[in-house]
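Try each task before you read its solution.

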Protein chains: 2
Amino acid sequence: MTATEETVALSEPSVEEAYGRLAGAIDRGALATLFGECTVEYDGRAASSLGPGRRHVMCKPDGTVLVHTDEGQKPVNWQPPGSEQEARLENGALELHSRRENPDEELVVRFTDIAHLAVFETGDDGANLSVAGTEEDMKRRILEEPELIEPGFRPLATERSTPAGAVDVYGEDREGRVVILELKRRRVGPDAVGQLNRYVEALERDLHAGVEVRGILVAPSVTDRARRLLATNGREFVSLSP
Amino acid sequence: MTATEETVALSEPSVEEAYGRLAGAIDRGALATLFGECTVEYDGRAASSLGPGRRHVMCKPDGTVLVHTDEGQKPVNWQPPGSEQEARLENGALELHSRRENPDEELVVRFTDIAHLAVFETGDDGANLSVAGTEEDMKRRILEEPELIEPGFRPLATERSTPAGAVDVYGEDREGRVVILELKRRRVGPDAVGQLNRYVEALERDLHAGVEVRGILVAPSVTDRARRLLATNGREFVSLSP
DNA sequence: GCCTGCATCTCGTCC
DNA sequence: GGACGAGGTGCAGGC
């Protein structure tokens, strides 16, 4: 079996044959993959040029295009969902043009040799991915068991808005002082301290009357520099893992 | 042509045949792709479970594994470069096990039906990707033409280290005041202001003697909230695109 | 190996 | 549609 309505798979197809299959796949909203010798040009938010080499190209029905080399988790070039694809025959080569607007971006993959082309009908994906161990999970645990932060801590709100953005958890300590928590699911660096500082300062300014606001960074661990920044700014740290 | 030393492509292979081909590809350091009905379990930095559905799986010779559905630019599940792959036959299903250490992470893709399997020899990729329009490009332009910031600005160093991290550009204004620049290749939000603040405050503390340090955010544009934060903190903004 | 910050980040969510 | 922040972020560069 080499081709059905379900799956098309061609090894070393002619450029013309590949063109027809690719155009058909784009038209039908199927998922197409190609592997072969190609160059890639991109122009949009940035601009890039990739010389000849053997790569894997995936063309999704939602408009995504991914160009993968034999290394790395990230595609070497890509186009986001919502882009418009078009197959073209140009001077004996197969070109995949992908364009989107806002921002204006174009990607062109030019194949001089196609080792393999495949087209798949995807149908609905259950897409029922459940993930555990997120920052959201940490938040739930803290709301259920506020003593994980410190004895007497009382959460009053989540995502409380401040002029600098929304605070993860807003509450009071046993002495009634305002406490805000910034949660991170992994070891934190200076950026998280900066974020906490922004919220604390914005809130102190917002509550004006010289109110003291305690800021606590909650994460599995901190880097040295982040710890020093916390100390310098008078913020605190509580170790908690998701 | 359905199979050569260069490329193997099988439509609706038996589980046993697919197992042999996949194991061989992993062994040889080839790039393998599968498409078919599968479930995915992941446990590591987080944990996730993905119910049955038709997906595309790519297995790179560098140890990367990518599981793609018909939507989205990001894989629904993955394993980073350096992971170890193993194919297994379990109860009439083909399983791809991927494991890595530090952090300990495992991914298992279990295929109950394989619509297509392909194996590609990649050989060296030219990998000569050149990108333009990065933050690095902005920095070069500013060093060549400091007046893009303001008349009389003199850059003295790049990546100058402070207790809070390295500053993009460090220099002096026409009056001899210390100026630091934080560059961003795109429109900036509050996080960039926080970053700039960290650097300015760390540097003022470091130079102690009550030295005033000017902090300028250099980017194509700013959000409203970021602009307010800049004003509140006495920082400046210069519009420049990469 | 860890730390730090960029990225055509992507993605969801909320406004 | 923009803004804001999380992410199993990935990735390069420095130490």
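**Exercise 1: a sheet and its helix**

Solution. Strands here are DSSP E runs of at least two residues, helices H or I runs of at least four, both numbered from the N terminus.

Step 1: β11 (residues 165–172) and β12 (residues 178–183) of chain A pair in the antiparallel sense over 4 bridges; pairing requires at least two DSSP bridges.

Step 2: the open sheet of 5 strands runs β10-β11-β12-β13-β14 in chain A, with mixed pairing. β10 (154–162) and β14 (236–239) of chain A each have a single partner strand, so one side of each lacks a neighbour in the sheet.

Step 3: helix α3 (residues 190–206) of chain A touches β10, β11, β12 and β13 (213–219) of chain A, contact being heavy atoms within 4.5 Å. Its direction makes about 155° with that of β13(A); angles run from 0 to 180 degrees between N-to-C directions, with axes fitted to C-alpha atoms, for helices over the stretch in contact.

The model is predicted: local features need pLDDT of at least 70, side-chain atom pairs 80 or more, while totals for chains, interfaces and linings use all residues. Residues are numbered from 1 along each chain, chains are lettered from A and ligands numbered from 1 as written, and side-chain values use heavy atoms, without hydrogens and water.

**Exercise 2: DNA strand C**

Task: which side chains have an N or O atom by a phosphate oxygen of DNA strand C?

Solution. Step 1: Lys184(B) comes to 2.7 Å.

Step 1: Glu182(B) comes to 3.0 Å.

How values were computed: Polar contact = N/O pair within 3.5 Å; in protein donor to acceptor, adjacent residues only side chain to side chain.
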